[in-house]
Amino acid sequence: MKKITAMMLTFALMMSISHALAFSSPTEGTGETGQGQSELQEGWQQNENGETIYVEDGVIAVGFKTIEERLYYFEENGVLVAGKMFNTTEGKSYFAYEDGPVAINAIIQIGLISFYAGEDGAFVKNEFISYDDAVYFFDQYGVMKKKSWIASQDKYYYMGPSGAMQAEKWIQTDGKWYYVNEKGEREYNAWAPYENTYCFVGDKGYMETDKWILADGNWYYVNNEGFMQVNSWVKSKNKWYHMNIDGVMDKDSWVQSNGKWYYVTASGERVENGWFKVKGKWYSFDKNGCMKENSWIQSGKKWYYVTASGDRVSNKWLKIKGKWYFFKQDGTMEASTWIQSGKKWCYVLNSGEMKANGWEKISGKWYYFDKDGYMLSNTTRKIGKVTYKFSSSGALV
């Protein structure tokens, strides 16, 4: 009986020692207990399944842990999360690199989707982020937006194919062209540069085409490609208009184009095929709107003449190709009639040409006109070898 009792005491003592060893602190550098079981060493370790854990002060790390200035995340069983995206109980998403650190202040590509890990590592949501000299937007799911418009505080921004916000460029979406300024904001009711010209975006933000534009009190015109028309003619509803070098429609002014002169009215329409009065003077324009110069103009049975400056001759004599003509106050050429010039009289033929240096029978009577076209009167004159006498009315006696 004493022998059995001694054996039982010896077995209990050994069990007590074994139990104590199992819960004692790990032995540095050994990695094993006296019974061959794995003990907890400080720092990075592998568990019995070959998974990475981290031990500090004898405690296996769980959750977020900063180690040597890098953030890591360990599951509830202490296993390091690596090479994947993970969520926490707070509903936030993170990403751990293959070697374990949690991504911070970085864009993360997972398949075809990109996310951004913020300062605390959590994926940002509904936020613009500046990164590597570009700006990106991440939606309510934290996904980077690409090839899409983003509305923010009553402004629209466009994120390009790479996700980067576009600036100072034209964007085509849904068959329409839009312009974003240097801040990336979509423009409205404004001129926007395009190569060497300008285009106009209206109140809906897209480029206007084949349309009149009223801006800052001036009229402009954009063609079917949306380009501002500059220093050129524009035909609209069968009428022609001229846009100056700044693209502004000319009005109530002279326009020189290709060496020809034109005139546009107060409404901007080009004058064509007729007379038009400008600052008290009359000018004639052909069917193409060109001002006529140094030319005869017939209107019905009446004849007019315009000078090199285009203005109509009126109430005076004018020498044309060596011959003299007289034009009345309304500009019509006189014909087959007497013209008083000072105290002297002249006569213009049916052609309008002034009779000079010769005889002319008028209303059955003969008259003689000197080289200057003046009628001889109340005098005698030797003409050729014959001397003639003229009455006070100028008729041959």
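Visitor: How many disulfides does the count come to?

Guide: A disulfide is a pair of cysteine sulfur atoms within 2.5 Å. By this rule the count here is zero. The model is a predicted one, in which local features need pLDDT of at least 70 and side-chain atom pairs count only at pLDDT 80 or more, while totals for chains, interfaces and linings use all residues. Residues are numbered from 1 along each chain as its sequence is written, and side-chain values use heavy atoms, with hydrogens and water left out.

Visitor: Is cysteine 199 buried or exposed?

Guide: Buried means under 20% relative accessible area, exposed means over 50%, and partly exposed lies in between (1.4 Å probe, protein chains only). Cysteine 199 counts as buried because its relative accessibility is 0%. Cysteine 346, at 2% relative accessibility, is also buried.

Visitor: How should I read a strand pairing, and what is the order of the open sheet of three strands?

Guide: Strands of a sheet pair through backbone hydrogen bonds, either parallel or antiparallel. Strands here are DSSP runs (E, at least two residues), numbered from the N terminus, and two strands pair if DSSP finds at least two bridges between them. The open sheet of three strands has the order β1-β2-β3 with antiparallel pairing. Its edge strands are β1 (43-46) and β3 (59-60), each of which pairs on one side only. Strand β2 (residues 52-56) is joined to β3 by two bridges in the antiparallel sense. Within that sheet, glutamate 56 stands opposite valine 59 in β3.

Visitor: In the hairpin of β8 and β9, which residue takes a positive phi?

Guide: Start with the strands: β8 (residues 106-110) and β9 (residues 113-117) run antiparallel and are joined by five bridges. Isoleucine 107 stands opposite tyrosine 116 in β9. Two residues lie between the strands of this hairpin, and glycine 111 takes a positive phi near 65°.

Visitor: And what is the arrangement of β22 and β23?

Guide: Strands β22 (residues 253-257) and β23 (residues 260-264) run antiparallel, with five bridges between them. Valine 255 stands opposite tyrosine 262 in β23. This hairpin has two residues between its strands, and asparagine 258 has a positive phi near 55°.

Visitor: Where else is there a positive phi in a residue other than glycine?

Guide: Aspartate 210 has a phi near 45°; this residue is found in the loop between β17 (197-201) and β18 (211-215). Asparagine 238 is not a glycine either, and has a positive phi of about 65°. The loop that holds asparagine 238 runs between β20 (232-236) and β21 (239-243). Asparagine 238 counts as exposed, since its relative accessibility is 67%.

Visitor: How many aromatic pairs does a search of the whole structure find?

Guide: Rings of Phe, Tyr and Trp (its six-membered ring) pair if their centres lie within 6.5 Å; planes under 30 degrees apart count as stacked, over 60 as edge-to-face and the rest as tilted. The search finds 44 aromatic pairs. One of them joins tryptophan 254 and tryptophan 261, which are edge-to-face at 6.4 Å centre to centre with 85° between the planes. Tryptophan 254 also pairs with tyrosine 263: the ring centres are 5.1 Å apart and the planes are at 70°, so this pair is edge-to-face.

Visitor: Which residues form the aromatic cluster, and how accessible is tryptophan 254?

Guide: The cluster is formed by Trp254, Trp261, Tyr263, Phe276, Tyr283 and Phe285. Tryptophan 254 is partly exposed at 29% relative accessibility, and tryptophan 261 is partly exposed at 32%. Tyrosine 263 is buried, with a relative accessible area of 5%.

Visitor: Which residues line the largest cavity?

Guide: On a 1 Å grid over the protein atoms alone, a cavity is a set of points where a 1.4 Å probe fits but cannot get out, and lining residues have an atom within 4 Å of a point. Grid points are joined across faces, edges and corners, and a volume is the space filled by probe spheres set on the points. A search of the whole structure finds one cavity of 30 Å³ or more, and the largest cavity holds about 30 Å³ of space. Its lining consists of Gly217, Asn218, Trp219, Val248, Met249 and Lys251.

Visitor: Where is glutamine 140?

Guide: Glutamine 140 is in the loop between β11 (134-138) and β12 (148-152), and is partly exposed at 43% relative accessibility. Its C-alpha atom is separated by 104 Å from that of phenylalanine 369, a residue 229 residues apart from glutamine 140 along the chain.

Conventions:
1 Å grid on protein atoms, 1.4 Å probe; cavity = no way out; pocket = protein on both sides within 12 Å on 5 of 7 lines; lining within 4 Å. Helix = DSSP H or I, 4+ residues; strand = E, 2+ residues; numbered from the N terminus.
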